[in-house]
Each structure stands twice: as C-alpha cells, then as structure tokens.
Amino acid sequence: MDQLFRAFRVHQDESGFRSGVEHLNVSTLPDADVTVKVHYSSVNYKDGLASIPEGKIVKTYPFIPGIDLAGEVMASRDTRFQPGDRVLCTGYGLGVSHEGGFAEVARVPGDWLVALPEGLTAREAMAIGTAGFTAALSVRRLLDNGLAPGQGPVLVLGATGGVGSMAVAILSRLGFAVTAVTGKPEAREKLTAFGAAEFLSREEAASGAKGVLGKERWAAIVDPVGGAMTADLLKSVQYGGSVALSGLTGGGAIETSVYPFILRGVNLLGIDSVFCPEPLRHQLWKLLAGDWKPERVLTAGVTEYPLEQLPEALNTVLAGKAVGRQVISFIN
C-alpha cells in the first residue's frame, strides 16, 4: 500500500530529542492485521509523557504516540473486520510499544479493536477514550464491590482531569451524589455541569484523621491520583467501602496502615484499563454508548484540536491545566 499520511512522531538520537508532524508512507507502519483510517484520537496524561524525553513511556525511536484511536477500516486480514467498519482502539501496546493513534493511518492487531457501538460517534468515543474507559472500569469495580446509591457521597479525585471528569458524569448519571476534588476553584461551574454536587479543595480532601482512622465519610472513592492523598483518604472510607485506584500523578508510593482494611473492611481496588479482558471491554463500551454515556462531559467538556496543534494539547495535559477531555481531529 503506497500512500502518504500525516503523523506526529517523536525522535531521540544523536541530535537529541525532537517531535513534530511528518509525512510518512503507510508501508512504514508495523505489520498487523487491520489498517485503520483514523478520524479522531484523544490526549491522555500518558500521551503527554510520551511526548517528552523524560517521560519513560517510549522505548524505541522514532515513534508515533497516541494510546487511543477511532476511525474506519481501510484493509483487513482479520475476517471479523471489513473495509468501512467503524472501530475504536484503546489500551494494549497502542502508543507505547506499538505505533499509535496520532496519525491519519494506523495498523493494529484485530484483537485490539472494538466495533464502534451504536450510540457513539468516533468523536464521542475519543472524547471518552482511555480516560473515560478507565472511569467506567472504576465505577464497574465499585458497583461489583457493593456500592449503591443512597449509601453516601462518592469522592472523585482529580475531578477536572480525564478520568475524574468522566467518573463524575457517569456516577451522577447513575444516581450517586458526587463530591469533586479539584485544585482549580475556577472549574467548579464546569464540574457542576458535569454532575458534581459538592466540592473540596485538595487541601480539604487531604486534611483527614491524624490517627489511624477518621470519621466515615465516603461510600467510595475514584482515585486517578495516588500517592499521599490515597493513604489519607483510606482512613475516611465507610465500613465495607472501596477505593478504585487507577493513577499515580500524585506519586507512586502509598504509606498507610492495616487499620482501614482490618477494622472497616475497606477495599483497595487496582484499576488497569490497558489489559482489561475482552468481554468486559466490549461490555463497558456498550454501556458507555448507552446507559452510562457521559453526556454532560461530551456536551460541555470537550476541546478539539487539529493534528498541528497537538503539542499545545500535550502541554496542557502535562501542566495539569486540562478541564474535561481533549480530542485530535483528522477530519478535513
């Protein structure tokens, strides 16, 4: 297939680190079952890390980052997919060890693809992206561990970020009272539009018990932040409640005691969206297209950029200034 396409590529060699939009030939893409014409991608924190030399995400250069993509099948050796099929891809090695979605054309294994479910456009799927899928997986795990409306407020950390904003929208749609934690007071109006009922600053959220346990405040916590705040908040989870932990922007270490676990039966749930089993992955995407569709963020919380402005979007997410979701459009 002799065809040129635009892609955002990063390089690291004897000349140093550099990145930018280039024109490449489809024949340079990795060998895989399905070739996809990408219509939209999205910007996640991991993508930001892939765009800087100290990010420790990309292992081989040159490389096309982008851990999400949605578009239309161009060619396929996989009998499950035919030219014209609408598909999306998140997780696995996309944009980490396998050339990613910041390109007009991508080639991926068929096992990584999900047929775009009815009820979602490609743009909506990428506005949800890995962040929204991680939020949905977090909510699913909390529900599986007994969370139900009426038990008390659910705390969402990093509420203006991708995972946080999507979690706020999904939980509020399911009837939960959501308390949003944010370091951006100016974003409270936007978070109200997403579905948050109450707000806490980071300092207020972290000022919990000074001893081994505090007052039982939260029915559950969605935590894409990690670090010291996670340890503090474990002390204030209600009896039998759960914390769904999916991130480490606040740090990779947690210093805590056993008391929340052995005296209150608190569950610390690890959330990994990268290698989520295929049946659950398909089930969650159908929910995100239907009963769990985060309409409030999709309506009021999406910023769209062309590929040439991708560096601006990456800098925004790395600086912690993004509110809601950022999508990259390849539609001319």
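Predicted model: local features only at pLDDT ≥ 70, side-chain atom pairs only at ≥ 80, totals over all residues.
Residues are numbered from 1 along each chain as its sequence is written, and side-chain values use heavy atoms, with hydrogens and water left out.

**View 1. Arg9 and Glu22 form a salt bridge.** The structure holds twelve salt bridges, a salt bridge being a side-chain nitrogen of Lys or Arg within 4 Å of a carboxyl oxygen of Asp or Glu. In this pair, the N to O distance is 3.1 Å. Arg9 belongs to strand S1 (residues 4-13) and Glu22 to strand S2 (residues 16-25), 13 residues apart, strands being DSSP runs (E, at least two residues) numbered from the N terminus. Arg9 has a relative accessible area of 16% and is buried (buried means under 20%, exposed over 50%, partly exposed in between, with a 1.4 Å probe and protein chains only).

**View 2. Asp33 and Arg77 form a salt bridge.** Their side chains meet at 3.6 Å, N to O, and the pair links the loop between S2 and strand S3 (34-42), which holds Asp33, with the loop between strand S4 (68-76) and strand S5 (86-90), which holds Arg77, 44 residues apart. Asp33 is partly exposed at 29% relative accessibility, whereas Arg77 is exposed at 55%.

**View 3. Asp111 and Arg80 form a salt bridge.** The closest N and O atoms are 2.6 Å apart. Asp111 lies in the loop between strand S6 (105-108) and strand S7 (113-115) and Arg80 in the loop between S4 and S5, so the pair ties together parts that are 31 residues apart in sequence. Asp111 is partly exposed at 45% relative accessibility, and Arg80 is partly exposed with a relative accessible area of 45%.

Definitions and conventions
Helix = DSSP H or I, 4+ residues; strand = E, 2+ residues; numbered from the N terminus.
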